[in-house]
Amino acid sequence: MHYGADYNPEQWPREVWPEDVRLMREAGVTLVSLGIFAWSRIQPAEGEFDWDWLDEIIGLLHEGGIEVDLATATASPPPWASAAYPEMLPQDADGSTFWPGSRQAFAPSSPIYRRLAAELVTALAERYAQHPGVTLWHVNNEYGCHLHYDYSDAARDHFRTWLRRKYETIDALNHAWGTDFWSQRYTAFDEIVPPRKAPYSINPTSVLDFKRFTSDTLLELYVMERDIIRAAGATQPITTNFMGAFPPADYWKWAAEVDVICDDNYPDPNDPESFRGAAFARELMRGLKPGVPWLLTEQSTNALNWRPTNAPKAPGQMAAISAQAVGRGADAIMFFQWRQSRRGSEKFHSAMLPQAGRETRTWREVTALGAQLAQLPDLPDVTSGAKIALVFDWENWWAIDGRDHPIVLDYLTLSHRWHAALHRQNLSVDIVNTTSDLSAYSLVVAPQQYLLGDEGAANLSNYVEQGGHLFVSAFSDVVDQDDAFRDGGFLVSLRDVLGVALEDFGALVPPASVRGADSAGEVASHASVGGPGQSEAPLESPAGRIVGQYFAEELLVQDAEVLGRFTEGRTTGRAALTRHTFGTGRGYYLATIPDDDGMAAVLGWLAVEAGVAPEIEGLPEHVEVARRGSVLTVINHSTRPYAVDVEGVDLLSGSTEPRRELDAFGWAFIDTGTVGDTRRGR
């Protein structure tokens, strides 16, 4: 179990470095990420390298028993690079240039940036590939973090190359994009530009392809650097840091290219529910590379600096959110950063060693957590034992975020809400893609799966045919991988599985929290469940009364069993919840998206249908349980103490008493060992 932080010794005079190493040992630090933003120090001019300082600090850390995750430093080019080559700078959709003075000021497609980055990484890898102090390589940093999309001429040229590879002929592209609409037909790839600022709505498939291109282009940069490091003879694992569910990068594709998954995660202490979003991110990281431990490479020890208000973490909250990551498969707990900066944009960002010094709660909590993690035995098994899977699909996210749909949906927020409905009931869940191996799950939840490719549809269908329970919600199976309607209407790919077709989407007035303000600046008030202006679609079901939002779809029931019907509004009396047997499994369809209570009710009922029970019954919503092999992590995310009964051995205290007293933000790792498998389901 590694413990540490980003370390930026270039911000400090050399005489501070030995003290840093000494204090790191006091805090229990075993690993630091080094040199992430050090390009300008490593290479003060083109063709000129300064290794003395880096040699010295790696040597000091190695002598002190602290391992190095060595960064390639390509995340932030130095000023001399853009001064000499301004054409490497990125642009937004309006054509405005992003200038240096911040970070990440480079166009990912720029041949000049790629050449300069390759030269840096080549020199760095040749020097340190065999260094015994370097145990991990950290490529770039948070790809796409501040610059989601680049629309520069470099991106234009590379996009055209990407499209040629994908479609081969311009006729194939015209067909996929539907360019006969609005006279958009192209006669050559060189006529195509990125989806820059335009008079009105841009071709949706071109936008979808540009997002695919962006993810692939960023991944090309990672692979380029990784391959240079390998060519230098490095045998250490190579990785880069992800950012949870991050829009521009399809981490399902990226996961195959990194040796170990790393994540940066910053839940908001001002939000008492933020630990659920953190749980979503941890489960996503665990799911990207099943069975392989991952690393939490960044979080904050206390307050941040970049939100409108940056509250400190409550006493114990940092350790609790760290324990949550360990319980979901993390083999490292790390922070940004080791020593708090005195200058620059992130000087108000907390660190392991605070500006206020060691006589602080932050330092006490940092050293206490380091000591606790050092006591843990090896935890090689990262499997959750979950019998429920939640589908999260980047390409669907990109497509559903497009314009001109029946209603505006926030896919990430809705995915978080579906996950939270399971999390509140302590129903263990894995996050999967439509093409993942689903054979271990009793229930697969695939909400608002608007874009469903042929491979994903076949995988979901096979899962049900082989005995699984599949739940699908409104606005699913609408378009194919080209964002085009299929022949035969809607719900075409899953029609045999679900036993229903779709006549109309029946869009509703969205909830007040997402529809914004009217022209007078006030949130419009719509409580109607009748005709025009209908905002809710109540239904009765085996899960009880459910309030539907966003859609009241008009289903065409073919051979499905109707379990629930809408009770008010335009669709009164029409089917709202259906169940259909397909092969040896069942497909369920809900023709709306419920409110939070409705999500919990439906998923709780479905869990019973699928034979799945919580790890521990009867816990309050603020107490969570996660399984990692035989180890249960139990966390109290509230300011009130709570006692929970769990049989097993406490990995820190050695206690075998089943009654566990959890203080505010208290937590425990319990090895259930031979006391029996508490998991339920298929």
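Q: How many salt bridges does the count come to here?
A: In this predicted model, the count comes to 43 salt bridges.

Q: What does Arg 339 pair with?
A: Arg 339 meets Glu 19 in a salt bridge between their side chains, with an N to O distance of 3.5 Å. Arg 339 lies in the loop between strand 9 (330-335) and helix 12 (361-375), while Glu 19 belongs to helix 1 (residues 17-27), so the pair ties together parts that are 320 residues apart in sequence.

Q: OK, what about Glu 220, which residue does its side chain meet in a salt bridge?
A: The partner of Glu 220 is Arg 114, and the N to O distance in this salt bridge is 3.0 Å. This pair also links distant parts of the chain, since Glu 220 sits in helix 8 (residues 204-231) and Arg 114 in helix 5 (residues 111-128), 106 residues apart.

Q: How does Arg 114 count, buried or exposed?
A: Arg 114 counts as buried, at 16% relative accessibility, and Glu 220 counts as partly exposed at 24%.

Q: Where do Arg 361 and Glu 365 sit, and what separates them?
A: Both are in helix 12, and because they are four residues apart there, about one helical turn separates them. Arg 361 is partly exposed, with a relative accessible area of 28%, while Glu 365 counts as buried at 18%.

Q: Which residues do salt bridges with shared partners join into one network?
A: The network consists of Asp 153, Arg 156, Asp 157 and Arg 196, joined by salt bridges that share partners.

Q: Switching topic, where is Pro 44 found?
A: Pro 44 is in the loop that runs between helix 2 (39-42) and helix 3 (52-63).

Q: Why does Pro 44 count as partly exposed?
A: Its relative accessibility is 37%, which falls between the cut-offs of under 20% for buried and over 50% for exposed.

Q: Then what does Pro 44 touch, leaving out residues up to four places away in sequence?
A: With those set aside, Pro 44 touches Phe 49, Asp 50 and Trp 80.

Q: And how far apart in space are Pro 44 and Ser 201?
A: From C-alpha to C-alpha, Pro 44 and Ser 201 are 45 Å apart in space, and in sequence they are 157 residues apart.

Definitions and conventions
Residues are numbered from 1 along each chain as its sequence is written. This is a predicted model: local features need pLDDT of at least 70, side-chain atom pairs count only at pLDDT 80 or more; totals for chains, interfaces and linings use all residues. Side-chain values use heavy atoms; hydrogens and water are left out. Helices (H or I, at least four residues) and strands (E, at least two) are DSSP runs, numbered from the N terminus. Buried means under 20% relative accessible area, exposed over 50%, partly exposed in between (1.4 Å probe, protein chains only). Contact means heavy atoms within 4.5 Å. A salt bridge is a side-chain nitrogen of Lys or Arg within 4 Å of a carboxyl oxygen of Asp or Glu.
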